[in-house]
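Please look through the sequence and the model below before reading on.

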Amino acid sequence: MNTTESDVIGIDVSKAHLDCCIGRDNRSFQINNSAQVVKAKMLKLQEELPRLFLVVESTGKYHATLFRVATELSIPIAIVNPKRIRDFAKGVGQLAKTDRIDARIIARYALTVETAPTSAPSKELEALRTLVTRRTDIVRMITQEQNRLGDIHDKLLIGSLKRHIKWLRKECEALEAEIKALSRSAEFSSKLSLLRGFKGVGDLSAAALIAFLPELGTLSKSAIAALVGVAPFADDSGTSCRGKRRIWGGRCTVRSALYMCALTAIRCNPNIKSYYQSLRARGKAAKVALVAAMRKTIIILNAMLRDQAQFQPI
């Protein structure tokens, strides 16, 4: 979609309101962030702007209502990384930050940078993402409670913490059962079977990759590595870092799952193990070698799904 020829509306999202700016004439308005109000306004805008295209920063759950309504009304909508918007604002000298200014900057960004619409996930994929995210939250809470348990000596607090940890573990087990059941559904079973054929990828890791990396199997090896955030980028503009490469950006949820896959693969997958050991033998730091193993792992998984082929160890 050519955004320069579209009726772009930049939208800054908050819990209560949507601040909007029509790109072609900088007209601003604000509406409540509720499904009924958003739908009514979008219907009016469709009549006024025949080439309507919405652009919004990713804000977790707060943009979900807008995305759902836009999808229902077949209005193209792009969810953009907030860091890109902020870097663009700095680049054009816009340092002030208010909701109205942010909406204007988002519209200007879309009119300047070619921006593709974001595809709506299926109900099953959305449900899988919700379950995986909730399990991650529960695991984090278990870790927090265990850390607190090591810092206190009051018996009443110790008992409370142990009961809570026990409950959290049961909840985590229930979520894991739901995740495994859903990831074996018709929509995901083929991907799950292929991913599980790679030594190092378990059911939960495979579910996380399926949920948050739907592009897996459709991109080139360099593109998929960059999308995850394990591609080395050059920074040779000065002299202090010349020749060094660093990873940057990417999807942290996917990278966390891939990190666990690579750790396991280094021990039990002959391809990744030999690759990791060769890097270490050449003097590479353990962390550098691990990131390289993560990159090799995601490239192999991408090729497996692209070719619909089972993993063939060396």
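In which helix is the place of lysine 296? In this model, which is predicted, lysine 296 has its place in helix H12, made up of residues 286-307. Lysine 296 counts as partly exposed because its relative accessible area is 31%, and that class lies between buried, under 20%, and exposed, over 50%. When residues up to four places away in sequence are not counted, lysine 296 touches Ile272 and Tyr275. Lysine 296 can also be compared with tyrosine 276, for the two are 20 residues apart in sequence, while their C-alpha atoms are 9.8 Å apart in space.

**A pair of helices**

Two packed helices are described by the angle between their axes and by the distance between those axes. For helix H8 (residues 203-212) and helix H10 (residues 252-268), the axes come within 9 Å and cross at roughly 150°. That angle makes H8 roughly antiparallel to H10, because angles over 145 degrees count as roughly antiparallel. The crossing of H8 and H10 is left-handed. On the side of H8, the contact is made by Ser205, Ala208, Leu209 and Phe212, and on the side of H10 by Thr253, Val254, Ala257 and Cys261. Sorted by class, the residues in this contact of H8 with H10 are six nonpolar and two polar, with no charged residues.

**Helix H2 and its cover**

Helix H2 runs over residues 64-72, and its buried residues are Thr65, Leu66, Phe67, Val69 and Ala70. Several elements take part in covering these buried residues of H2, and the table gives those that are included.

| Element covering H2 | Residues |
|---|---|
| Strand S1 | 7-13 |
| Strand S2 | 17-22 |
| Helix H1 | 35-48 |
| Strand S4 | 52-57 |
| Strand S5 | 77-80 |

After H2 comes serine 74, a residue whose phi is positive, near 60°.

**The protein as a whole**

How many helices and strands are there in the protein? There are twelve helices and seven strands, and the C-alpha atoms fill a box of roughly 60 × 55 × 45 Å when it is taken along the principal axes. Of the 314 residues in the protein, 38% are buried. Among the contacts with a separation of 6 or more, 60% are accounted for by residues 24 or more positions apart. The accessible surface of the protein comes to about 17,500 Å², and 53% of that surface belongs to carbon and sulfur atoms.

Notes. Residues numbered from 1 in each chain as written. Predicted model: local features only at pLDDT ≥ 70, side-chain atom pairs only at ≥ 80, totals over all residues. Heavy atoms only, no water. Axes fitted to C-alpha atoms, helices over the stretch in contact; angles between N-to-C directions. Helix = DSSP H or I, 4+ residues; strand = E, 2+ residues; numbered from the N terminus. Parallel < 35°, antiparallel > 145°, perpendicular 65-115°, else oblique. Left-handed = near helix turned anticlockwise from the far one by under 90°. Contact = heavy atoms within 4.5 Å. Nonpolar A, V, L, I, M, F, W, Y, C, P; charged D, E, K, R; others polar. Buried < 20%, exposed > 50% of the residue type's maximum accessible area, 1.4 Å probe, protein only. Areas by Shrake-Rupley, 256 points an atom, 1.4 Å probe, with all protein chains shown as cover.
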